[in-house]
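Trainee: Hi! Could you help me learn to read some features of a protein model?
Mentor: Gladly, let's look together.

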Amino acid sequence: MIGFILCSLSLAVLVQNPNSFLQLLATPTALGIGLALTAVSLLLGYLKKVPTTVWHDGFSASCLLVWYAYWEPQFNNDAPMFFFFPLYYALLTSIVTAALINKSQYFDQESVANLRYLEKNTRVNSAAIVALVLISLLITRHYTLYPIAMTFFILRHTMVVCLEIIDS
């Protein structure tokens, strides 16, 4: 999810150093583009036209755009969440990519069996987490709901991609 990491870091930098481009990200046009990219990513993932990492990356990055475009007008210009949450996403995604996804081919058999058990028996599947992320974008009164939903999505992504790497 290198695209999501780069988008998150870019947003954090833009928020810290305001310029005219940042104002474009808070327009209804940017919101529409984000929603369209979200729908396209979900459709491509559902139809299995692109690899899991690609549609997850597209979904995450486009949700970040929707989040900023929809939420920014409702909060102060200097709201710290627009700086800290993208940094959190970039850090979390980087850590799980470096520590788990890139090392998944070295997992021992017991770890693989436990990962398969978790993936198979988790009550929350990818579709439910995607729905939670989309619903959390609409609920601006609970500003931590979207980061929590994205955390679940990133963790689920990690589990799915690790198993794909192991199976290939």
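Mentor: Let's begin with a term: a residue is called buried when its relative accessible area is under 20%. Keep in mind that this is a predicted model.

Trainee: Is cysteine 162 buried or exposed, then?

Mentor: Cysteine 162 has a relative accessible area of 3%, so it is buried. Cysteine 63 is buried too, at 0%.

Trainee: How many disulfides does the structure hold?

Mentor: In general, a disulfide is a covalent bond between the sulfur atoms of two cysteines. This structure holds zero disulfides. For cysteine 63, the nearest cysteine sulfur belongs to cysteine 7 and is 12 Å away.

Trainee: How many salt bridges does a search of the whole structure find?

Mentor: The search finds two. In one, aspartate 167 pairs with arginine 116, with the closest N and O atoms 2.5 Å apart. Aspartate 167 lies in helix H8 and arginine 116 in helix H6, so this pair ties together parts 51 residues apart in sequence. Arginine 156 and glutamate 119 also meet in a salt bridge, at 3.3 Å from N to O. Here arginine 156 is buried, at 8%, while glutamate 119 is partly exposed, at 28%.

Trainee: And how do I read helix packing?

Mentor: Two packed helices are described by the angle and the distance between their axes. Here, the axes of H1 (residues 2-16) and H4 (residues 52-71) come within 7 Å and cross at roughly 20 degrees. Angles under 35 degrees count as roughly parallel, and H1 and H4 are therefore roughly parallel to each other.

Trainee: Which residues meet there?

Mentor: Among them are Phe4 and Leu11 in H1, and Leu64 and Trp67 in H4. The residues of this contact divide into nine nonpolar, three polar and one charged.

Key:
Residues are numbered from 1 along each chain as its sequence is written. This is a predicted model: local features need pLDDT of at least 70, side-chain atom pairs count only at pLDDT 80 or more; totals for chains, interfaces and linings use all residues. Side-chain values use heavy atoms; hydrogens and water are left out. Axes are lines fitted to C-alpha atoms, for helices over the stretch in contact, and angles run from 0 to 180 degrees between N-to-C directions. Helices (H or I, at least four residues) and strands (E, at least two) are DSSP runs, numbered from the N terminus. Angles under 35 degrees count as roughly parallel, over 145 as roughly antiparallel, 65 to 115 as roughly perpendicular and the rest as oblique. Contact means heavy atoms within 4.5 Å. Ala, Val, Leu, Ile, Met, Phe, Trp, Tyr, Cys and Pro count as nonpolar, Asp, Glu, Lys and Arg as charged, and the others, Gly among them, as polar. A disulfide is a pair of cysteine sulfur atoms within 2.5 Å. Buried means under 20% relative accessible area, exposed over 50%, partly exposed in between (1.4 Å probe, protein chains only). A salt bridge is a side-chain nitrogen of Lys or Arg within 4 Å of a carboxyl oxygen of Asp or Glu.
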